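This report describes the fold of a predicted model, chain by chain. Please look over the sequence and the structure first.

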Amino acid sequence: MIGNILLYLTIVLTIASIISISKRYLSKPLIIGQSIISVFMMGYMIWALVSDNFQIRYVFHHSEKALPWIYKISALWAGDSGSLILWSAIISIVLLFLVLKKKTDSKTMITVLIFQLFVLSSIVFTNPFAMSSKSFIDGQGLNLLLKNFWMLSHPPITFIAYSLMIVPFGLTLNFALSKNQSADSWRDQIKPWILATWLFLGVGIVFGAIWSYEVIGWGGYWGWDPVENATLIPWLFLSAALHSLPGNKNTRQNLRSTVGFTLASFVSIVLAVFITRSGILSDVSVHSFSGQPLSIILTILLILSVLASIFVCLKLKDKAEKTEEPPLLSKSFLIGAGNLVVLIFSAVVLVATFWPVITKLIGSNQVISTSFYSVILAPVGILLSAGIAFTPIFKWGKTEKDSLPKKLISPMLVGIIGIWLLYELGVFIPVVIILVFLSAFTLVSNVMQMKALGWKKWGSNIAHIGLSILIVGIVVSSNFQFIKQDILRINQKSEVIADRTLVLNSFSLVNDNGDYEASVSITDVNNNVTEAKLTGIMDKTGSWVVEPFIKRGIVSDVILAPGKPELGILMAPSLGESVDGNGYSLFLTSIDDKSVEVSLADEHDAWVLIFDRNNDDTTELLEPTENLVIYLEEVGKDYVRARITDMRPDVGNTVMLPITFSVKYLISFVWIGMILILIGILWALIMRNRKKETIELERIDA
Amino acid sequence: MKKTRIIIGAVIVVLLVTVSIWMFVISSTPYTQDFNEAMSGKRVQVWGNIDKDSIIGNNFSIISEKGEVLPVVLLNQIPSNIEQADSCVVTGVWTDDFFEAESILLKCPSKYEEKVEE
């Protein structure tokens, strides 16, 4: 009830704000009011979650009493409608910031408010505050996979990025509509917003990647799932938009590409929301989506965004500045070429993501396998690496050819050292050789430029070094890895996997649920031993949740993921015969209507066991000694099928733990690269020199 | 000068577009829920419900909506959350005895979908 009142009040205030802005009357208090109420609405839902108000259906579906309070709060974004509430609150905070900043123009405000209206109406459709007629004592709980720091922070961060992006879109609309705003002032306005969106979206992507790596369910740090692609595409467009900004300033060209990439970033973010919420790609994505009512709202939003973008492009004709072709050996040209690569790559990823939908329309259901992307990445990675390798060497304007040899020599030398290192390691894959050369080159050329620049301008260099490290990490880690599945038995050496052997040292049940603790030692060629502690937990629904053991290193990561353990072994002796296995011997002495007699022996002891067949099922289970259980699964005419579960400390030998053991190389480069890119963006955002940039760039060239 | 720039641009476009189209042709795989098609010997992507009792190591079975059973052997790492998934999509080829899958995509129920109440 209270929730719905707050929801409808926010909607009314949002509409009132839009009207008041166009009437130029009372708009500020109305916008502040809508922001406060919208944040209150989120507060109300959080309070309902924390106070275990299971009468609200959303709380019942996504939370439970035993949940720690931090996860109760995070249940806000565990579901479709809850995450929309969070989103609208974040948009409200952006609105509050805009209205208090004063300078914001009315068209941008209206754009953000209209977007907010779409989010709010989506909330109405998903009806998060719906009450149950029944009262529940406890809720259904939170998905165990979401109980993880990275998953806790990934959605809010992504929503911040989605919310921030509405502002540069509004500013661009305003620029297209205004008669006297200069392109320079528009660029200065959008730059911090683009940088901030780029940063938050990047952090969101990285957190998602760390999560999927640690939880392994998705097999690595990136799976080319539609949902992942959907956030990658706007990030790529944002990169292109940002890179065409300084080029614009100096050579007065590319205004169209800056506008185009900014619009594309916004539209692709709307598209990302559409993909994750409408269910259009649910057949090929990890996520299952409900969606029906939302897809209508989202389709309208998507069409509106596209129409607005087309409108801006048409209006832009009047604003086109005199173009000046950049010289071939210049930063401007490299950036243009790089943006072209990014544009084509994004388009290809987009088509591949929608391939199932496209082919369905044609009439033959087809999907793209992920190997598609790893092949496409090679030429894209090489072209981009080459671009960032040479950017520090070229000037914005024309680069003098005479100055080149001096600047090229050290990067080339270090690049060649990189190739030699690969040769020593026995790596002869052309793509890897080219990329390592370019990466080493990038490192040196950027460090040389950093020495020449003031430290305040290091942002792009740091990000570029990060990108070249990331590309090497991606290519190497996906080309060199060992994955092997095996079944471990107590104290038995496994097969050799990637020069390592595994031994299951101990396995014990922690409680009656079947939760277990195990310890595995991993021995490498140099006899270095790593102890891996593994745990398995049976969750409420009776499913196993296991967390892999990961030993990170600069060169290689060792990952050990346990599976569902098999506690006992099956033995099926015929009458008068014995069966041997795992150090046990089972002999079937006699079978008649009243009893079954067997004898069981291991290396140390022997037991004669008589099963009474007259009573109920429980007599098919005998425990000759503590922690040793023998259970008759089937009694035939002249045979039995018995399960022996021996959990005795030190001597118990029936446990079989399936594991997946993998060694992956240079995963550390992936994380270092990603983190450097984010640090670079943050650096650029903080050190942003608002007005002097044009002059500065010219000074660098001089 | 202008010519060189256009040539470089054209080379980039032609290179990337060619590689992409070629890869689209190679890696496009039919998607089906029909197990007869899955057992045709062609490389397919097939959807089915996971028979949770059948999971042993990386062997398991999937069940179609008609109730047919398809035994699957996963060549890759089995995801740790397989038991939390309802259904999955596996990509691979039918060998004589089982479906040899090189990849699996799990569909987890509780992500955005709310379970039936009462």
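Among contacts in chain A between residues at least 6 apart in sequence, what percentage join residues at least 24 apart? The figure is 68%, where two residues are in contact if their C-beta atoms, placed from the backbone, lie within 7 Å.

## Basis of the model

This is a predicted model, in which local features need pLDDT of at least 70, side-chain atom pairs count only at pLDDT 80 or more, and totals for chains, interfaces and linings use all residues. Residues are numbered from 1 along each chain as its sequence is written, while chains are lettered from A and ligands numbered from 1 in the order in which they are written.

## Chain A overall

Chain A contains 20 helices and 17 strands. These elements are DSSP runs numbered from the N terminus: helices are H or I runs of at least four residues, and strands are E runs of at least two. The C-alpha trace of chain A spans about 100 × 70 × 50 Å along its principal axes.

Chain A has 702 residues, of which 48% count as buried. A residue is buried if 20 or more other C-beta atoms lie within 10 Å of its own, exposed if 12 or fewer do, and partly exposed in between, with C-beta atoms placed from the backbone.

## A helix pair in chain A

Helix 15 (residues 371-390) of chain A packs against helix 17 (residues 430-452) of chain A at an angle of about 20°, and their axes are 9 Å apart. Axes are lines fitted to C-alpha atoms, for helices over the stretch in contact, and angles run from 0 to 180 degrees between N-to-C directions. Helix 15 of chain A is therefore roughly parallel to helix 17 of chain A; the cut-offs are under 35 degrees for roughly parallel, over 145 for roughly antiparallel, 65 to 115 for roughly perpendicular, and oblique for the rest.

The crossing of helix 15 of chain A with helix 17 of chain A is left-handed, a term for a near helix turned anticlockwise from the far one by less than a right angle, with clockwise giving right-handed. Helix 15 of chain A contributes residues including A:Ala378, A:Gly381, A:Ile382 and A:Ser385 to the contact. Among those from helix 17 of chain A are A:Val431, A:Ile434, A:Leu435 and A:Phe441. The residues of this contact between helix 15 of chain A and helix 17 of chain A divide into ten nonpolar, five polar and no charged. Here Ala, Val, Leu, Ile, Met, Phe, Trp, Tyr, Cys and Pro count as nonpolar, Asp, Glu, Lys and Arg as charged, and the others, Gly among them, as polar.

## Two open sheets in chain A

One open sheet of four strands in chain A has the order 9-16-15-14, with antiparallel pairing; two strands pair if DSSP finds at least two bridges between them. Strand 9 (569-571) and strand 14 (621-625) of chain A are at the edges with a single partner strand each, so one side of each has no neighbour in the sheet. From one strand to the next, the twist averages 25°. Strand 9 of chain A pairs with strand 16 (residues 640-646) of chain A over three bridges in the antiparallel sense, and A:Leu570 has A:Arg643 as its bridge partner in strand 16 of chain A.

Another open sheet of four strands in chain A has the order 2-17-8-7, also with antiparallel pairing. Its edge strands, strand 2 (481-489) and strand 7 (549-551) of chain A, each pair on one side only. On average, neighbouring strands of this sheet are turned by 15° against each other, direction ignored. Strand 8 (residues 556-562) of chain A runs antiparallel to strand 17 (residues 656-665) of chain A, joined by seven bridges. A:Ser556 has A:Tyr665 as its bridge partner in strand 17 of chain A.

## Chain B

Chain B has two helices and six strands, in the pattern α-β-α-β-β-β-β-β along the sequence. Of its 118 residues, 38% are buried.

Strand 5 (residues 87-94) of chain B and strand 6 of chain B run antiparallel and are joined by eight bridges. They form a hairpin with four residues between them. Strand 4 of chain B pairs with strand 6 (residues 99-107) of chain B in the parallel sense over three bridges. In strand 6 of chain B, B:Phe99 is the bridge partner of B:Val72 and of B:Trp94.

B:Leu70 lies in strand 4 (residues 69-74) of chain B. B:Leu70 counts as buried because it has 20 C-beta neighbours inside 10 Å. Beyond its neighbours within four places in sequence, B:Leu70 is in contact with residues including B:Phe35, B:Ile62 and B:Phe99.
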